[in-house]
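Please examine the structure shown below.

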Amino acid sequence: MSRPPYSQEISRQTKACFLFLLDQSFSMEEPLGRSSNRKCDELATAINGWLQNMAIRASGDEGIKDWMDVGVFGYRTDARGNMIIEPALLGPLAGRRLVSITEIGAKPARIDTKVEWIPSEDTGEMIEVACEVPVWVDPVADGGTPMCNMLYIAHGLLSEWIREHPHSFPPIVVHISDGESQDGDPTVYAQSIKELSTSDGSVLLLNCHLSRTAAAPFMFPASRENLPDDLAKVLFDMSSVLPEPFVRHAVQEGYAVQPGARGMAFNANMVCLIQFLDMGTQAAPGLR
Amino acid sequence: MLKHDLALDWRDFMLAKDPEFPEQNQDAWRIDVQRGIVAIADGVALGLFCRQWARILTDAAVEDPPDPQDAADMAGWLARQRETWSRSIDASRLAWYQKPKLREGAFSTLLWIRILPRETSPADSAAEVCGGRLCGHAIGDGCLFLVRDGAVVRRFPIESAAELDNPPLALGSVDLGRDGLLRFEHLDQTCYPGDMIVLCTDALAQWGLRQEESGQPPQWEHYWNMPEETWQEEILALRADRSIRRDDTTLLLMRVEGPA
């Protein structure tokens, strides 16, 4: 029986792959939207939160099921303009390009303690509770934006992974940036990534733009028309068309998604960023 | 032998979602042939210690069957099983990623049946006199098929494959204040010598119902003499062509036997 694309179940035998590409340029030190928090801080919090949720979701009685490989890369330049494109995971996983979700769970760089206010089970009143917050990446904001080189390296990494996992659900790449490429036209490199595929479909490249402005965020545009500026149009061209399971999930979540919608968020704030990250996992079979 | 003349013979078949890790199979079942009680349960995949919870529930449903139609009895029974589950876990040994799930607890479906003597009347036929009373209760998507002369005469509690596309109700191992939402289905059916009672978890049930709906009903008796390994190979082949969901799969077959 033939099956539609993007329907491969995620399991130990057919692992998933998520690759995060994080802009670590100087402008990431600016505030995110209306918040007083820096973009790099919010981004690190969102990525750490995503990794935490994935580890919890994959956990079972005997530990964490090895059903996913994860990579987190950062890209920037140094004071002389030399590229720094490297894995962003810290601690025991430092320097690792791709790691299993099992290792993510077992080896956070550290576990911070954060105070949260939650309602008491007995009285309903809000009480302070200390919560463990695992950390794998820290905020970085320095130098320029070698986006094309980042995409080139990602292409090589994904090609290798696909050779080893030819029948898996296609890798999902989440690229988060706040500005333009400073080393060329990224659309060509993005197209090369989108042309990679497993037997279940093409790699999905999702692009999220973080903004310091208070302009309204928007997600999943279906057309270049009415996009606010050239940067948005470039990101549109870079982004994959959302496959049907993702469209269906987006509609269920209340997004007004039209045919041809792209995996793109523009002027994203923190809420939008988290929703965007969650989208990539919720729509994949077996990860719901 | 049961208290009346009906006897029960049985076969069991299991295949884990991940056959390389059979110990992680979250289905559970228990049978007491002497008392004619059988239970089957399916732990929810993303919960924690659901396998243990499913086993606690099936053991208790057979050893000390509750009455879901008596709210106080059901509440007390559930509280005892929750206490058993809680005592079985050493929270101090949990990793950071297991602790959030522990607060929510484990979840499992549950279906149990019992064959009881049936009250007879002078108007009963010779065949009816030999019958027993098949009583059952279910929460979730475990399924029973009652097969007579090669045909399914009763499905319980699920009647169509489409019903199995939705997440099932399940019993939780932690009281989250939602027990008022639990809804049990009830079965009270006559069974006769020669009947076959099929109990299975949802993946196999959905396959069976789809086969019926497409005009190619499964021949459940076909599995009676089949080695478990052969049955597992058939399930793996169905998974490979995506005719059945890749999930823990359990099949119990029980033959109702009468007096010689």
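**From a loop residue to the chain contact**

Ser211(A) lies in the loop between β12 (204–210) and β13 (218–219) of chain A; helices (H or I, at least four residues) and strands (E, at least two) are DSSP runs, numbered from the N terminus. The model is a predicted one, in which local features need pLDDT of at least 70 and side-chain atom pairs count only at pLDDT 80 or more, while totals for chains, interfaces and linings use all residues. Residues are numbered from 1 along each chain as its sequence is written, and chains are lettered from A and ligands numbered from 1 in the order in which they are written.

Ser211(A) counts as buried because it has 21 C-beta neighbours inside 10 Å (buried means 20 or more other C-beta atoms within 10 Å of the residue's own, exposed 12 or fewer, and partly exposed in between, with C-beta atoms placed from the backbone). Leaving aside residues up to four places away in sequence, Ser211(A) touches Gly33(A), Asp178(A), Asn267(A) and Ala268(A), where contact requires C-beta atoms, placed from the backbone, to lie within 7 Å. Between Ser211(A) and Phe266(A) the C-alpha to C-alpha distance is 7.7 Å, although 55 residues separate them in sequence.

The backbone also deserves attention. Most residues other than glycine have a negative phi, and most peptide bonds are trans. Phe220(A), in the loop between β13 and α5 (230–238) of chain A, has a positive phi, near 60 degrees. Phe220(A) is buried, since it has 23 C-beta neighbours inside 10 Å. In chain B, Asp149(B) is not a glycine, yet its phi is positive at about 50 degrees. Asp149(B) belongs to the loop between β6 (143–148) and β7 of chain B, and with 9 other C-beta atoms within 10 Å it is exposed. A cis peptide bond, with omega about -10 degrees, links Phe156(B) to Pro157(B); Pro157(B) is located in the loop between β7 (151–156) and β8 (171–172) of chain B.

Helix packing can be followed in each chain. In chain A, helix α3 (residues 147–164) and helix α4 (residues 186–194) pack at an angle of about 10 degrees, their axes 9 Å apart; axes are lines fitted to C-alpha atoms, for helices over the stretch in contact, and angles run from 0 to 180 degrees between N-to-C directions. α3(A) is therefore roughly parallel to α4(A) (angles under 35 degrees count as roughly parallel, over 145 as roughly antiparallel, 65 to 115 as roughly perpendicular and the rest as oblique). Among the residues making this contact are Leu151(A) and His155(A) of α3(A) and Tyr189(A) and Ile193(A) of α4(A).

In chain B, the axes of helix α1 (residues 50–63) and helix α2 (residues 71–87) come within 10 Å and cross at roughly 140 degrees. α1(B) is therefore oblique to α2(B). The contact involves Gln52(B), Trp53(B), Ile56(B), Leu57(B) and Ala60(B) of α1(B), together with Trp77(B), Gln81(B), Thr84(B) and Trp85(B) of α2(B).

Finally, the two chains meet in a contact that takes 17 residues from chain A and 16 residues from chain B. On the side of chain A that touches chain B, α1 (39–58), β2 (59–60) and β8 (126–135) of chain A each supply at least two residues, and α1(A) gives the most, with three residues. The model scores ipTM 0.82 and pTM 0.84.
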